[in-house]
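Thanks for making the time this morning.

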Amino acid sequence: MDASAAARDSCGMTHATHPTLLFHVDPARNMARFYLLAVEPTLFGGSSLMRCWGRMGTKGQMKIDLFDTAVEAREASRKLRHGKLKRGYRRNEENS
């Protein structure tokens with residue numbers, strides 16, 4: 001199982017519509033982190049933004065934010081993704 005599959009499995013992601021998996025790896029600082037963002041529909045017609053993060057190889061933590069529309073959830077995801085990219089996260093391990 002690769003690192004991205006492990007990150008998805010550890011956080012219980014099933015059928016995300018817009019998943020983004022980011023990594024921040026810095027061996028000099030003993031840092032190996034993942035951050036997963038996924039926009040998913042809710043049962044009541046809204047959308048949710050699931051965030052899962054932690055050290056690679058661990059279960060990590062999860063938070064779900066609820067939104068009235070998918071547009072709002074995608075915008076929140078975009079802002080979080082932008083912030084993580086500014087802090088050194090990348091889309092895959094090889095480019096870290």
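What you see is a predicted model, in which local features need pLDDT of at least 70 and side-chain atom pairs count only at pLDDT 80 or more, while totals for chains, interfaces and linings use all residues. Residues are numbered from 1 along each chain as its sequence is written, and side-chain values use heavy atoms, with hydrogens and water left out.

Let me take the layout. The protein chain has two helices and four strands, and along the sequence these follow the pattern α-β-β-β-β-α. Helices (H or I, at least four residues) and strands (E, at least two) are DSSP runs, numbered from the N terminus. Of the 96 residues in the protein chain, 34% are buried, where buried means under 20% relative accessible area, exposed means over 50%, and partly exposed lies in between, with a 1.4 Å probe and protein chains only.

Now the sheet. The four strands make an open sheet in the order β1-β2-β3-β4, with antiparallel pairing; two strands count as paired if DSSP finds at least two bridges between them. Because β1 and β4 stand at the edges, each with a single partner strand, one side of each is left without a neighbour in the sheet.

What of the strands inside that order? Elsewhere, Trp53 stands opposite Gln61 in β4. Seven of the nine residues of β3 are buried, so this strand is largely enclosed by the rest of the structure.

Both hairpins have five residues between their strands: in that of β2 and β3, Gly45 takes a positive phi near 95 degrees, and in that of β3 and β4, Gly57 in the turn has a positive phi of about 95 degrees.

Turning to the helix α2, which residues of α2 are buried? They are Ala73, Ala76, Ser77 and Lys84, and seen down the axis of α2 the buried residues fall within an arc of 100 degrees (the arc of the directions from the helix axis to the C-beta atoms), so they line one face of the helix. The face turned away from that buried side carries the exposed residues Val71, Lys79 and Lys86. What covers the buried residues of α2 includes β1, β2, β3 (47-55) and β4 (61-67). Just after α2, Gly88 takes a positive phi of about 105 degrees.

That brings me to the cores. A nonpolar core here is a set of buried Ala, Val, Leu, Ile, Met, Phe, Trp, Tyr and Cys residues joined through side-chain atoms within 4.5 Å. The largest has eight residues, namely Leu22, Tyr35, Leu37, Val39, Leu49, Ala73, Ala76 and Tyr89. Two or more of its residues come from each of β2 (31-41) and α2 (70-86), and the largest share, three residues, comes from β2. Apart from this core lies another, of seven residues, among them Phe23, Phe34, Leu36 and Ala38.

Thr20, in strand β1 (residues 20-26), is buried, with a relative accessible area of 7%. Leaving aside neighbours within four places in sequence, Thr20 is in contact (heavy atoms within 4.5 Å) with Tyr35, Leu36, Leu37, Arg81 and Arg91.

Asp68, by contrast, is found in the loop between β4 and α2 and is exposed, with a relative accessible area of 66%. Beyond its neighbours within four places in sequence, Asp68 is in contact with Gly45, Gly46 and Ser47.

Asn30 lies in the loop between β1 and β2 and counts as exposed, at 55% relative accessibility. Most residues other than glycine have a negative phi. Asn30 has a positive phi, near 55 degrees.
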